[in-house]
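Could you have a look at this one when you get a minute? My notes are below the model.

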Amino acid sequence: MLENRLHLAAPLLAAVLLAACTTPPAPLARLGIKLAPSALESTISVQQHLKVERKGRIDELDAAVEVDPQQVQMVGLAFGQRVLSLSYDGKELTSWRHLMLPKQVRAEDVLEDLQLTLWPAEAIARSLPQGWRIDDAGLRRTLTLDGAVVATITYTQMPRWTGTVTLDNLRYDYRLTIESAP
């Protein structure tokens, strides 16, 4: 009788062990690109208004962005108060964030979106992991992973840091609209 119970319990034990070995899928990692400031091949100083739309929520932020060959600096303001600052010298990213800023807003992601929208496509392409590709067609960029569109970026004018830029990130389901001050 004990032998019968062990025989019946074996498949159940195997199923429990297999279930224990499986873990829920990890969240999709960001690209993690961090291009040298000099790869922009320009020096810019621009005031921008950023609008992020995600799951029916809209968050807005004013930003001052400066890039020279040595560093990228950005300060973000909401309601006239500093809520985010970052500085990147090509090696180290330092940042500060207000406690009330949503956890989803990370300096690494802000820098990545900034570089994906402004840096030359050739510089971005050299830093992409295997399977990723960026196609640049003037006023439109497309970022793909293994042939599937992950993000599209559209521009209203050149150079890219003037006018309006819209980044639609399909992987993380958000839209970032950047309006540069004239």
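1. Ground rules. This is a predicted model, where local features need pLDDT of at least 70, side-chain atom pairs count only at pLDDT 80 or more, and totals for chains, interfaces and linings use all residues. Numbering runs from 1 along each chain as its sequence is written, and side-chain values use heavy atoms, with hydrogens and water left out.

2. The cavity. There is one cavity of 30 Å³ or more, and the largest cavity holds about 90 Å³. Of its 14 lining residues, Glu112, Leu143, Val150, Asn169 and Tyr172 are the closest to the centre. (On a 1 Å grid over the protein atoms alone, a cavity is a set of points where a 1.4 Å probe fits but cannot get out; lining residues have an atom within 4 Å of a point.) Two or more lining residues come from each of α2 (107-118), β8 (148-155) and β9 (164-169), and α2 gives the largest share, three residues. (Helices, H or I with at least four residues, and strands, E with at least two, are DSSP runs numbered from the N terminus.)

3. The largest pocket comes out at about 1,100 Å³; a pocket here is an open set with protein on both sides within 12 Å along at least five of seven lines. Its lining runs to 35 residues, with Val52, Asp59, Pro102, Gln104 and Val105 closest to the centre. Elements giving two or more residues include β1 (44-54), α2 and β10 (174-180), while β2 gives the most, with five.

4. Gln115. This residue sits in helix α2 and counts as buried because its relative accessibility is 0% (buried means under 20% relative accessible area, with a 1.4 Å probe and protein chains only). Leaving aside residues up to four places away in sequence, Gln115 touches Ile33, Lys34, Leu35, Tyr88, Ile124 and Arg141 (contact means heavy atoms within 4.5 Å).

5. Strand β10. Five of the seven residues of β10 are buried, so the strand is largely enclosed by the rest of the structure. β10 pairs with β1 in the antiparallel sense over six bridges, with Gln48 opposite Ser180. β9 and β10 also pair antiparallel, over six bridges, and Thr166 has Thr177 as its bridge partner. (Strands pair if DSSP finds at least two bridges between them.)

6. The turn. Which residue takes a positive phi in the hairpin of β9 and β10? That is Asp173, near 55°, in a hairpin with four residues between the strands.

Methods. Grid points are joined across faces, edges and corners, and a volume is the space filled by probe spheres set on the points. Buried means under 20% relative accessible area, exposed over 50%, partly exposed in between (1.4 Å probe, protein chains only).
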